[in-house]
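Student: I am new to this structure. Please take me through one part closely, the nonpolar core and the rings in it.

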Amino acid sequence: MKSELIVDVQPKEVSIALLEDGRLVSLQKESRNLAYAVGDIYVAKVKKLMPGLNAAFVNVGYEKDAFLHYLDLGPHFSTYSEFLKQLLDGKDDKKNAGKVPDISRMKLLPDIDKHGTVTDLLASGDELMVQIVKEPISSKGPRLTTEIAFTGRYMVLIPFSDKISISQKIKTTGEKLRLRHLVESIRPKNFGVIIRTSAEGKSVAELNHELQTLLKCWHDAVAKVRTAPVPSLIFEEESRIVGVLRDIFSPNFEDIHVNDPEVMAQIKKYVSLIAPEKSDIVKLYTKDEPIFDHFSITRQIKSSFGKTVSFKSGAYIIIEHTEALHVIDVNSGNRAKAGTDQETNALDVNLRAADEIARQLRLRDMGGIIVVDFIDMNKAEHRQALYEHMREIMATDRARHNILPLSKFGLMQITRQRVRPALDIVTTEACPSCFGKGEIQPSLLFTDTLKEKLTYLLKELNVSDFIVYVHPFVDAYLKKGLISMYRRWKMELGGKFKIMADESLAYLQYRVLDKNRNEIDLKEEKDLDKTSSVKTKTKAKNRVSEK
């Protein structure tokens, strides 16, 4: 199976697509200025306690107070609290501002009571060092924990703990013992470590290098607690793109294509650190055609993210999103006309639907409760076969999930870890000419408008080297014939501009990028329309005077 990673860097967001044999299986979009992301650490203040929820609302600077449950305080909260007290006691001491308590010299205190209450440990106005475990979703603020963790490629570092855990995906007993002894010999006292699957087979030098990097992150974050105002960010996950790559990178990747030199350098540096032999797979995409169009990703997004998703032999699923859950309905469609008996046909459609549903869960990053209404099957062995098949194909899903057997109503219930909002891409296109009003200017005049924009860029803004992206239909119209309209414009206006097709644009929509791939903001449409109308009136007056 050929695995490729395609990274589309835009001014406001970065899209990362994972292809397996050319088929889109995962899509992640990250804002380039994302705040309150998973893994970020803040110094914050308890705003109010909620004994009924056994939780506290904490001010981290977000418009909604963040939520901190008693169980998210972590078992080592007593040690954490003592350390934080020592740290904050020296906050006003300018002589020792750079010095922080050394937790390796502290004595670990007993774990807190699992059945305790938040009022026993926290009070309104307390300062805390908290980490985001769930980003703001809908009307809810972030969810927090005081069990701080620093995630690397090979391990996770957990202060105030003495436990070493090993990924269950490492099956060999000998390798588990080797890793445990290695980490035990290099880790400082009072720091717990979770050994990740990717650590399998790695040398002590590689593991120690990453451990020291994570320890530096801890010391840097703690040092900021004394000087930072409350609330404020004291540790930010590394580049969001590299952070995503860290979680999904696989040695099986054959190519990583990136359309931005700076981001390409970041990714290449990261890949060189974790897999030096794979550094050559990171390649800079330099063509003018949008990178997602070149790899047929835009087309797959349009066909995969709608409300209705078709799959094999005319069958399809309908996906509905609500605040509390996601509902998926399976329909046989034209497949119902097949010559096989009803029971066999239902089983076959359900099995194929399960494959597509597992893909959709990963693709859209759907979390929370998912209810799937499969086609009814009478035989118990068929229902069991479908349940086992779903468990098998979901085994590769990195998000924690739980699947229940089909109920007597033919419903399958799935819970899936929800850390970020589900990726909901609207595939229906809003009319860029009328914006839903139902009336548009004559489409025949779009070429005149486009030429006015080009003239404005070249003559008024003095921009000569740029690319205008238009809908593929418009691009084909402008370039048809031996002496096309596009060629005539090039001869008449001069400049180095290009017109290219972009499948992500709606009909009669366009966008302009300069030579550095920065979007050019043109004047408001109203101003240009006024200019156009003035020109039209002038031409009309000239015709009257000539007559």
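Tutor: Here is a walk through the core, its rings and a helix. This is a predicted model, where local features need pLDDT of at least 70, side-chain atom pairs count only at pLDDT 80 or more, and totals for chains, interfaces and linings use all residues. Residues are numbered from 1 along each chain as its sequence is written, and side-chain values use heavy atoms, with hydrogens and water left out.

Start with the term. A nonpolar core is a set of buried Ala, Val, Leu, Ile, Met, Phe, Trp, Tyr and Cys residues joined through side-chain atoms within 4.5 Å. Buried means under 20% relative accessible area, exposed over 50%, and partly exposed in between (1.4 Å probe, protein chains only). The largest such core has 81 residues. Val60, Met129, Trp218, Phe249, Ile256 and Ile267 touch the most other members. Helix α4 (residues 204-225) gives the largest share, eight residues. Helices (H or I, at least four residues) and strands (E, at least two) are DSSP runs, numbered from the N terminus.

Look at Met129. Leaving aside residues up to four places away in sequence, its contacts (heavy atoms within 4.5 Å) include Ile41, Tyr80, Leu84, Trp218 and Val222. Another core, of 29 residues, lies apart from the largest one. Val349, Leu351, Leu386 and Met390 are among its members.

Now the rings. Rings of Phe, Tyr and Trp (its six-membered ring) pair if their centres lie within 6.5 Å; planes under 30 degrees apart count as stacked, over 60 as edge-to-face and the rest as tilted. The structure holds 13 aromatic pairs. Phe83 and Trp218 form a tilted one, 5.6 Å centre to centre, with 35 degrees between the planes. Phe83 lies in helix α1 (residues 77-89) and Trp218 in helix α4, so this pair ties together parts 135 residues apart in sequence. Both Phe83 and Trp218 are buried. Ring pairs also link them into a cluster with Phe77, Tyr80, Phe150, Phe160, Phe191 and Phe235.

In α3, Glu175, Leu179, Leu182, Val183 and Ile186 are buried. They cover an arc of only 90 degrees around the axis, which puts them on the same side of α3. That arc is taken from the directions from the helix axis to the C-beta atoms.
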